[in-house]
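Subject: The structure for you to look at

Hi,

Here is the structure I promised to pass on.

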Amino acid sequence: MGQPAAGGQCTVVVGCQWGDEGKGKIVDVLAEGVNVVARYQGGANAGHTVHVGEVEFILHQIPSGILHSGKRCLLGNGVVLDLHQFVQEYDELRRRGVDLEGRVGVSHRAHLLLPYHRLLDRASEEGAEEKIGTTGRGIGPAYEDKAGRRGIRVADAIDEERFAELLERGAARAREKLQAMGGFDAEADAALDRALEESRDLRSRLLGLAVDVGLEVDLALARGERVLLEGAQGTALDLDHGTYPFVTSSNTTAAAAATGIGVGPTRIDAVLGVVKAYTTRVGNGPLPTGFDPEMDEHMRRLGGEFGATTGRPRRCGWFDAVLARYAARVNGLTGLAVTKLDVLDTLPEISICTGYRTPQGVAEEFPADTWGLESVEPILETHPGWESPTHGARSLDDLPPRARSYLDRIQELTRAPIRMVSVGSRRSQIIHVH
Ligand code: IMP
């Protein structure tokens with residue numbers, strides 16, 4: 001999977017933990033060998049950090065493939081498109097010299113995430129008894145409107161008058177809710193009005209990029225091209241398969257790539273799962289392998305574990321093989337990419353969680369009971385650390401034997417073959433396993 005095989009090939013790249021696994025880097029590396037990169041869900045809650053040379057790019061909506069010239073980058077119908085953020089990101093990339101001409105397309109069927117969705121997200125988090133710890137980007141409310149059949153799609157912008165009317169209606173509904181939630185004063189109302197006017201003004205830019213993403217991907221595959229479908233967040237944040245309710249509001253898992261792009265599931269040839277060599281989580285909800293405060297702080301510093309979108313500190317823990325094995329099954333992984341192995345380089349001992357001790361006995365499957373998951377005790381298997389640098393390794397043979405055994409154990413417990421190992425933030429710091 002490191003270098004996709006010849007002929008039309010469609011690979012899904014999916015996060016297998018709580019997001020932030022380093023999918024952006026993996027997609028960036030794989031993008032070299034493909035023609036099209038398309039995102040299938042989520043919105044500007046994602047933050048994909050990519051380093052090209054000395055320059056760091058944080059992409060929230062446009063697929064990481066954009067940093068390879070000539071690759072077509074698409075946003076599928078499953079994405080909620082934050083118009084303002086999208087245009088800002090587009091213009092910023094152009095300002096930094098990325099040639100975008102004819103390279104970005106947005107599905108006519110994608111739903112728009114509008115300024116009032118952000119306000120609703122923040123107000124509902126503030127008022128909630130059980131806070132999810134969202135990114136505050138309006139994701140939940142935008143998907144609620146979609147499921148409630150009152151969302152506004154890209155195609156709704158075709159008719160200018162109708163678009164204005166739909167925005168008006170959406171804003172009126174949001175105002176009512178915001179007023180009922182409290183704290184929505186005249187100033188906030190005026191700011192919302194201004195933001196909506198900007199949304200109206202962005203209409204023609206949006207339409208200039210609108211395409212039939214499903215058709216485009218299907219045709220690309222029929223021509224024998226290679227396509228990457230890029231997931232955001234991770235399996236444990238999936239609306240159905242994650243630690244509900246502490247999840248995002250979309251299906252993040254690989255099957256969602258078909259619906260979120262508009263191709264049949266039989267079009268997908270491979271699913272590459274991405275895991276960090278340890279675990280992190282941002283936002284609320286259980287993290288069974290979480291560290292004590294001191295080790296948590298240490299790992300956060302070693303791994304630079306702060307949210308790319310919100311800057312929030314991420315909680316850290318040992319590699320959770322129960323979750324990874326669950327993710328391998330739910331996503332139907334054909335391969336695994338392990339990232340940030342180098343972050344463990346200085347640790348004298350490294351543990352892997354192989355099961356959960358629960359009041360009912362040992363659980364080897366990831367449980368549906370989120371509240372029960374809060375109190376499980378991880379069964380840890382401790383490995384000696386390799387205590388030497390790995391960031392220069394370009395093949396498995398370059399790795400210290402203990403690092404190799406650690407990877408072997410992850411592969412064995414996860415039951416998915418390791419195809420790539422990332423040992424640093426740069427493009428070149430990657431091991432392809434053949
Ligand atoms: P939302 O997607 O903003 O509604 O947030 C719901 C949950 O998903 C929160 O716990 C967020 O911290 C988490 N989340 C959303 N996007 C990401 C991401 O890209 N990386 C990691 N966590 C995320």
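Below is what I found, going from the whole chain down to single residues.

A word on the ground rules before anything else. This is a predicted model, where local features need pLDDT of at least 70, side-chain atom pairs count only at pLDDT 80 or more, and totals for chains, interfaces and linings use all residues. Residues are numbered from 1 along each chain as its sequence is written, and side-chain values use heavy atoms, with hydrogens and water left out.

**The whole chain**

The protein chain has 13 helices and 20 strands. Both are DSSP runs numbered from the N terminus: helices are H or I with at least four residues, strands are E with at least two. Along the principal axes, the C-alpha atoms fill a box of roughly 65 × 50 × 40 Å. A compact globule of 434 residues would have a radius of gyration near 22 Å, and the protein chain agrees with that at 21 Å. (That radius is taken over C-alpha atoms, and the globule rule is 2.2 Å times the number of residues to the power 0.38.)

How much of the chain is buried? Of the 434 residues, 57% count as buried. Here buried means under 20% relative accessible area, exposed means over 50%, and partly exposed is in between, using a 1.4 Å probe and protein chains only.

**Helix H10**

Now zoom in on H10, which covers residues 293-303 and has Asp296, Met299, Arg300 and Gly303 buried. Seen down the axis of H10, the buried residues fall within an arc of 105 degrees, so they line one face of the helix. The arc is that of the directions from the helix axis to the C-beta atoms.

What covers the buried residues of H10? Strand E13 (315-317) is part of the cover. On the face turned away from the buried side, H10 carries the exposed residues Glu294 and Arg301. Just after the helix, Gly304 takes a positive phi of about 60 degrees.

**Val12 in strand E1**

Val12 is found in E1, which spans residues 9-15. Val12 counts as buried because its relative accessibility is 0%. Leaving out residues up to four places away in sequence, Val12 touches several others, including Tyr40, Leu229, Ala254 and Ile268.

**Some backbone details in the loops**

Which way does the peptide bond from Tyr244 to Pro245 go, cis or trans? This bond is cis, with omega near 5 degrees. Pro245 sits in the loop between strand E10 (226-230) and helix H9 (255-261).

Asp20 is not a glycine, yet has a positive phi of about 60 degrees. Asp20 lies in the loop between E1 and helix H1 (23-31) and, at 24% relative accessibility, counts as partly exposed.

Arg415, another residue other than glycine, has a positive phi near 65 degrees. Its loop runs between helix H13 (401-414) and strand E19 (418-422), and Arg415 counts as exposed at 64% relative accessibility.

Terms used: Contact means heavy atoms within 4.5 Å.
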